[in-house]
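Student: I'd like to go through the charged pairs in this one. Can you walk me through them?

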Amino acid sequence: MSIETDKTTPQHDVDVATPLESRIARKGQLPRWGTAAALAGAAVIIGGALAATGAFSIGLFVFLTVVLFAVGLYAISRAVEGGRKAADRVVTIVVTSAFLLALIPLISVVWTVLSNGVARFDAEFFSSSMRGVVGEGGGGYHAIMGTLIITALAAAMSIPVGLLTAVYLVEYGVGTRLARSITFFVDVMTGIPSIVAGLFAYALFALFAGPGVRLGFAGAVALSVLMIPVVVRATEEMLKIVPNELREAAFALGVPKWRTILKVVIPTSIAGIASGITLAIARVIGETAPLLIAVGITTGLNFNPFDGRQATLPVFAYYSYAAPGVPRDPYVDRAWTAALVLIVIVMVLNLAARLIARLFAPKNR
């Protein structure tokens with residue numbers, strides 16, 4: 001005799017825990033304000049201890065507070081949340097502390113230059129040169145124009161050479177002896193001291209124009225020696241991260257290789273290439289040693305880089321600070337303002353690179 005089971009009879013109830021019940025069942029969790037409370041408690045303890053000993057200093061206070069905060073939060077978190085969460089919190093503290101520590105020199109430099117350079121950041125500085133000026137007054141208009149002209153010439157020589165070299169290394173010369181040789185020399189050029197580039201440019205032009213030659217174009221050549229390897233390296237890395245599937249899809253449609261590079265590879269990596277070029281320009285625009293040797297300094301305005309000396313902002317700031325006249329303060333103020341203008345130019349270049357990357361990057365449709 002068979003006994004049929006009633007399919008409608010309910011089986012054993014399955015407990016379905018709600019999200020709230022699941023959180024309660026799990027390991028405990030510190031409240032959101034727990035981290036802030038631990039940091040405040042560490043600061044109070046360390047501050048009181050240092051004040052009691054009479055050895056209070058900001059650096060020691062911050063260091064000991066972070067150490068006590070990390071140790072205390074780890075102990076509390078391990079007891080409440082478990083070892084994995086406690087380790088995660090400690091690593092977060094270490095990474096955040098390293099980031100803030102790296103920001104300290106940057107903020108210090110920007111604040112120092114801004115606070116000292118804003119005094120002469122006026123219309124006269126951007127419209128006057130130093131010809132016939134002794135003491136107060138004058139400006140860095142001649143140095144600003146010289147920097148822009150020389151840097152533009154260096155970029156005009158370096159960017160095409162660097163881009164084409166990187167395209168050859170990635171797209172045409174993979175595994176060849178010539179590509180390996182180029183890569184080796186690019187690595188060597190990356191580590192060349194800037195003063196060596198200035199000596200090279202001076203010696204090169206001295207062969208044709210004689211000893212003592214000082215030209216803005218010679219400074220541009222010296223800067224291009226420093227700029228080319230940076231452009232090559234940055235562009236090469238950006239081209240390498242372009243997926244090969246994009247190239248293969250273009251080849252499958254019968255597109256020539258040069259057109260694939262021009263229409264697919266470069267537009268895909270244009271954002272990184274623009275950033276690399278901007279970094280290369282920022283790398284050379286503040287160089288002083290090669291320009292001291294190859295270009296020199298002048299107090300007047302010179303728009304012709306092929307005729308005589310040209311003033312540049314780095315050299316102008318160097319001479320204003322290292323060899324000031326009497327009284328000293330006006331020269332030092334102009335040096336700080338020249339440094340501030342250099343920072344502003346680099347910031348504008350970074351914004352321009354981001355704009356170029358946004359305009360020319362492939363659009364998602």
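Student: How many salt bridges does a search of the whole structure find?

Tutor: Keep in mind that this is a predicted model. Side chains of opposite charge can pair when their charged atoms come close. Searching the whole structure for such pairs, the count of salt bridges comes to 7.

Student: Which residue does R247 meet in a salt bridge, and where does that partner sit?

Tutor: The N to O distance for this pair is 2.8 Å, and the partner of R247 is E171. R247 belongs to helix α9 (residues 244-252), and the two are 76 residues apart, so the pair links distant parts of the chain. The partner E171 sits in helix α5 (residues 141-172).

Student: What about E236 and R233: is each one buried or partly exposed?

Tutor: These two form a salt bridge, with their closest N and O atoms 2.7 Å apart. They are 3 residues apart in helix α8 (residues 216-240), so about one helical turn separates them. R233 has 23% relative accessibility, which means partly exposed. E236 has a relative accessible area of 5%, so E236 is buried.

Student: Which residues are linked with R233 and E236 in a network of salt bridges?

Tutor: The R233 and E236 pair has its closest N and O atoms 2.7 Å apart. That pair is part of a network of salt bridges, and the other members are D187 and K240.

Student: And how far apart are the closest N and O atoms of R283 and E287?

Tutor: R283 is partly exposed at 33% relative accessibility, while E287 counts as buried at 13%. The two form a salt bridge, and their closest N and O atoms are apart by 2.3 Å.

How values were computed. Residues numbered from 1 in each chain as written. Predicted model: local features only at pLDDT ≥ 70, side-chain atom pairs only at ≥ 80, totals over all residues. Heavy atoms only, no water. Salt bridge = Lys/Arg side-chain N within 4 Å of Asp/Glu carboxyl O. Helix = DSSP H or I, 4+ residues; strand = E, 2+ residues; numbered from the N terminus. Buried < 20%, exposed > 50% of the residue type's maximum accessible area, 1.4 Å probe, protein only.
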